[in-house]
Amino acid sequence: MLTRETTLNIALAATLLAVPLLALAMDEIFIITLATKVAILALAGVGLNIALGIGGLVSLGHAAFFGIGGYAMGILAAHAQNYEPIMEVPFLIEGTNQMPIIWLIAIVASALAALVIGALSLRTSGVYFIMITLAFGQMLYYFAISWSAYGGEDGQSIWVRNEFPGLNTLDPIQFFLIAYVILCLVLVFSARLARSPFGLALAAARQTEERVMTVGLTPFHLRLVAFVISGAITGLAGALYADLNRFVSPTMLSWHTSGEIMVFVIIGGVGRLFGPLVGAAVFILLEHILGGFSEYWQIFLGLLLLLMVLFARGGLIGAIVGREVAHD
Amino acid sequence: MTDAHPVLKVEGISKSFGALKASDNVSLDLRPGEIHALIGPNGAGKSTLIKQISGSLRPDSGRIEVLGRDVTDLDTVARARLGLGRTFQISSLAMEFTVLQNVVLGALGARGRAFSFFRNVMKDKALLESAYRALERVGLQGEAQRRTADLSHGQRRQLEVAVALTLQPKLFLMDEPMAGLGASGSKALTGFLDQLRHEAPILLVEHDMDAVFALADRITVLVYGAVIATGTADEIRANAEVRRAYLGEEDAA
């Protein structure tokens with residue numbers, strides 16, 4: 001039998017698929033792009049949710065991984081479009097416009113960054129952890145601003161979207177489907193992770209560090225692995241996001257971006273599997289609808305966030321289906 | 001059991017917090033098959049000593065051996081892996097978990113491999129078997145699916161013991177397992193610990209004097225961080241210094 005939350009999750013996944021298909025039928029291309037943006041930002045949030053939701057790691061530096069994924073795309077694609085190798089000595093590395101290769105490199109690069117950032121920042125906790133992750137993110141942000149080879153402050157544009165074998169990625173619905181399938185696969189992975197031995201130990205480390213040590217497991221190792229997986233997923237989202245816009249800039253690395261990813265997770269429900277999807281959808285809808293009336297639309301976002309934090313600790317998903325049932 | 005090497009050996013442990021000597025040259029040992037009770041008035045340094053033995057606090061001087069191995073420089077995790085099973089005075093269970101999840105966590109720790117990302121941990125036969133066995137032994141099998149936060153205080157103490165059981169430790173370190181149990185609960189646990197000592201010896205910190213005198217093969221009395229006496233229950237009862245420093249105080253209170 002399905003729990004209420006699972007039923008809701010299936011409905012949400014179906015809605016995210018149905019909306020752009022309907023939009024396609026009605027020739028509303030812009031809505032397809034919005035849905036793609038929701039899917040990609042939700043993916044970034046699913047990444048953060050592993051660290052924040054399961055592990056209780058309040059990272060305000062996930063923009064670093066989002067931006068690294070973005071720059072992985074930007075750098076590889078820029079070299080490919082200009083027919084300039086990235087380096088020739090000691091060996092030749094060329095750019096590429098193949099999405100699967102770009103994704104792989106985005107994942108590896110952001111996982112490595114998460115390994116280094118995590119290994120240093122996970123020695124702290126609480127407010128110090130928030131500040132040190134923030135600092136690492138900002139460090140990369142300022143580095144990108146001064147990195148003139150890839151546009152510096154102006155960012156790096158690419159002319160055509162990268163390619164996926166057998167698909168026309170410039171067709172909005174096909175690119176949406178790529179993002180959608182990746183999101184679904186990562187959601188399945190995340191759901192399994194949450195119920196795995198690793199997920200149990202990580203969730204225990206969030207609640208009672210001393211207990212985890214007493215049964216012979218090391219919280220630091222659990223958290224570091226979670227942080228790397230989390231960063232890798234957010235990095236993949238960054239590569240897709242840059243491909244959606246055909247543009248990458250330091251903005252992707254700024255702490256604003258970290259905050260937004262965290263807002264998706266909090267609005268949807270911290271630790272809830274589909275929380276980031278709900279959060280990203282609400283964020284994009286508010287931006288799109290209220291943004292038309294006033295450029296101060298984020299006031300309403302802030303209000304919503306405040307309500308969530310004050311009255312619905314399980315976020316919107318928690319408000320709809322109630323407290324999480326401990327899974328058996 | 002004669003001449004057996006001690007499972008735990010504490011040699012001249014000292015620990016100060018500023019001017020306060022929380023542990024003052026403490027030595028004690030725990031032999032196979034015994035329950036060794038550690039008693040003393042509030043503030044005598046029992047918890048500080050337990051923390052140093054379990055590895056969460058580092059002594060200023062002295063050494064600690066587990067199964068003949070010097071563990072003074074090892075952390076909590078390494079000592080747990082060597083076979084030190086600890087229960088906490090202040091419950092440190094994962095409150096959002098079900099009762100079963102808490103014991104499965106213990107079984108997972110005993111297995112020592114938590115880096116498995118795909119299998120459903122709550123469908124792992126070996127872990128569940130070990131978890132249910134531990135729950136049955138403390139009489140919590142009927143509560144397996146309840147949220148830990150919803151348990152009574154006494155049930156949480158039982159669960160603490162169950163988690164320690166899943167580790168199949170070489171020795172138990174129990175910090176006031178009877179606290180808040182009520183008369184029937186503490187009687188049941190007394191009977192249980194009486195049997196448990198044959199699986200692994202127990203260093204028992206306890207305020208319940210009935211339980212201590214019923215269970216302990218030996219008793220060590222700690223006052224102001226220092227050991228004032230070690231001996232059998234009868235010896236401790238007869239010890240004038242102990243009566244003055246501790247038992248008499250209790251009677252007067």
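Predicted model: local features only at pLDDT ≥ 70, side-chain atom pairs only at ≥ 80, totals over all residues.
View 1. A:I101 is partly exposed, at a relative accessible area of 41%, where buried means under 20%, exposed over 50% and partly exposed in between (1.4 Å probe, protein chains only). Together with A:L104, A:I105, A:V108, A:L112, A:L115, A:V116 and A:L120, A:I101 forms a nonpolar patch on the surface with about 700 Å² of accessible area. Patch members have over 30% relative accessible area and no salt bridge; like charges are joined within 9 Å and nonpolar side chains (Val, Leu, Ile, Met, Phe, Trp, Tyr) within 5 Å. A salt bridge is a side-chain nitrogen of Lys or Arg within 4 Å of a carboxyl oxygen of Asp or Glu. Areas follow the Shrake-Rupley method with a 1.4 Å probe, and for residues only the protein chains shown count as cover.

**View 2. Strand β1 of chain B with its two partners.** Strand β1 (residues 8–17) of chain B runs antiparallel to strand β4 (residues 61–66), joined by five bridges; pairing takes at least two DSSP bridges. Here B:V10 stands opposite B:I64 in β4(B). Seven bridges join β1(B) to strand β2 (residues 20–30), also antiparallel, and B:S16 faces B:K21 in β2(B) as its opposite residue. Their hairpin has two residues between the strands, and B:G18 takes a positive phi near 60 degrees.

**View 3. The six-stranded sheet of chain B.** The strands form an open, mixed sheet in the order β6-β7-β8-β3-β9-β10. Because β6 (84–87) and β10 (226–231) stand at the edges with a single partner strand each, one side of each is left without a neighbour in the sheet. The twist averages 15 degrees from one strand to the next, with axes fitted to C-alpha atoms and angles running from 0 to 180 degrees between N-to-C directions. Strands β7 (residues 171–175) and β8 (residues 202–205) run parallel through four bridges, with B:L173 opposite B:L203.

View 4. B:V103 lies in helix α3 of chain B and is buried, with a relative accessible area of 0%. Mean pLDDT (the predictor's confidence in each residue, from 0 to 100) is highest in chain B for helix α3 (residues 99–111), at 97, and lowest for helix α9 (residues 240–252), at 68.

**Notes.** Residues are numbered from 1 along each chain as its sequence is written, with chains lettered from A and ligands numbered from 1 in written order. Local features need pLDDT of at least 70 and side-chain atom pairs 80 or more, while totals for chains, interfaces and linings use all residues, and side-chain values use heavy atoms, leaving out hydrogens and water.
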